[in-house]
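Here are my notes on the model. Please read them with the structure open.

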Amino acid sequence: MKSKIILLFFFLASLSLAAQKYNDPETLAEKAWKEVVQLLQTEAAFFEGKKGRIRLRQSEYTDFKFNKLSVSENQLMSETHSTNRFFLEEYKEQVRKDTYQFYPLEFRIKSVGFTYGDQFYFDHFPEWVFLKVEWFGENISQKTEAKERDPETKTWKVLPVEETKTDSFQLPVRTKNREKILKAIDRFQSTLLKKDLQDEINH
């Protein structure tokens with residue numbers, strides 16, 4: 001009988017610990033962020049290979065194409081191919097790869113929104129737009145690798161790699177999915193931020 005009581009005690013204790021771990025803000029945030037990443041990766045997969053426009057007089061290029069686009073739990077990678085449709089083969093081309101490294105559980109999101117009138121856009125606007133995520137502080141590492149194609153020699157010149165810090169990144173999404181994406185970000189943000197605010201109240 002005594003052994004059964006001891007086993008029952010350990011069983012209930014293990015359930016209690018499991019429940020505490022499940023309700024832990026960081027555990028909940030990690031689960032919520034995975035949901036966000038899954039939704040964003042779905043959008044990235046859709047837009048990979050898609051073409052867009054660049055506003056006139058805001059760049060030396062007029063068109064771009066997403067050669068590659070991917071989102072993981074700690075990284076966003078975008079590779080674009082930019083051209084000028086007015087000069088075609090007479091003008092240089094550029095292939096640019098931007099890699100953003102971030103740590104969502106260590107930093108906090110400041111704002112999330114959709115950019116209108118931005119430098120980049122799609123013929124399918126407003127069905128296709130850009131989502132911008134801004135974080136507190138410049139804690140995102142951005143690495144830019146680029147090369148340009150000379151129109152006369154037809155050769156590619158690799159440009160120096162640039163590594164900087166930034167506080168935001170953006171990626172294309174379909175308007176029909178934006179509510180679902182925003183709700184997922186809300187669930188992620190509310191777990192850690194709510195804990196931060198409660199800690200301040202109890203301070």
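1. Leucine 56 sits in the loop between β1 (51–54) and β2 (63–71). Helices (H or I, at least four residues) and strands (E, at least two) are DSSP runs, numbered from the N terminus. Leucine 56 is partly exposed, at 42% relative accessibility. Buried means under 20% relative accessible area, exposed over 50%, partly exposed in between (1.4 Å probe, protein chains only). Leu56, Phe86 and Phe87 make a nonpolar surface patch of about 310 Å². Patches take residues with over 30% relative accessible area and no salt bridge; like charges are joined within 9 Å, nonpolar side chains (Val, Leu, Ile, Met, Phe, Trp, Tyr) within 5 Å. Accessible areas come from the Shrake-Rupley method with a 1.4 Å probe; for residues, only the protein chains shown count as cover.

2. Conventions. This is a predicted model: local features need pLDDT of at least 70, side-chain atom pairs count only at pLDDT 80 or more, and totals for chains, interfaces and linings use all residues. Residues are numbered from 1 along each chain as its sequence is written, and side-chain values use heavy atoms, with hydrogens and water left out.

3. Overall make-up. The chain has 3 helices and 11 strands. From the N terminus, the order is α-α-β-β-β-β-β-β-β-β-β-β-β-α. Of the 203 residues, 32% are buried. Among contacts with a separation of 6 or more, 66% join residues 24 or more positions apart. Contact means heavy atoms within 4.5 Å. The accessible surface comes to about 13100 Å², with 54% of it belonging to carbon and sulfur atoms.

4. Aromatic pairs. The whole structure holds 17 of them. Tyrosine 100 and phenylalanine 169 form a tilted pair, because their ring planes stand at 45°, with centres 6.1 Å apart. Rings of Phe, Tyr and Trp (its six-membered ring) pair if their centres lie within 6.5 Å; planes under 30 degrees apart count as stacked, over 60 as edge-to-face and the rest as tilted. Tyrosine 100 is in strand β4 (residues 93–101) and phenylalanine 169 in strand β11 (residues 168–174), so this pair links distant parts of the chain, 69 residues apart.

5. Phenylalanine 169 also pairs with phenylalanine 102. That pair is stacked: 5.2 Å centre to centre, 25° between the planes. Phenylalanine 102 lies in the loop between β4 and β5 (109–115), 67 residues from phenylalanine 169.

6. Ring cluster and charges. Ring pairs link Phe46, Phe47, Phe64, Phe66, Phe120, Phe122, Trp128 and Phe130 into a cluster. Arginine 174 lies over the face of phenylalanine 46, 4.1 Å from the ring centre. Lysine 147 lies over the face of tryptophan 156, at 5.1 Å. The criterion is NZ of Lys or CZ of Arg within 6 Å of the ring centre and within 35 degrees of the ring normal.

7. Salt bridges. The search finds 10. Each is a side-chain nitrogen of Lys or Arg within 4 Å of a carboxyl oxygen of Asp or Glu. Aspartate 123 bridges to arginine 53, the closest N and O atoms being 3.0 Å apart. Aspartate 123 is in the loop between β6 and β7 and arginine 53 is in strand β1, so the pair ties together parts 70 residues apart in sequence. Aspartate 123 is exposed at 55%; arginine 53 is partly exposed at 23%. Arg53, Asp63, Arg85 and Asp123 are linked in a network.

8. Two further bridges. Aspartate 98 meets arginine 96 at 2.7 Å, N to O. Aspartate 98 is buried at 9%, while arginine 96 is partly exposed at 32%. Lysine 183 bridges to glutamate 179 at 3.4 Å. Both lie in helix α3 (residues 178–202), 4 residues apart, about one turn of the helix.

9. Backbone checks. A cis peptide bond joins phenylalanine 125 and proline 126, with omega about 10°. Proline 126 is in the loop between β6 (120–121) and β7 (128–135). Lysine 154, a residue other than glycine, has a positive phi near 65°. Lysine 154 lies in the loop between β8 (140–149) and β9 (156–158).
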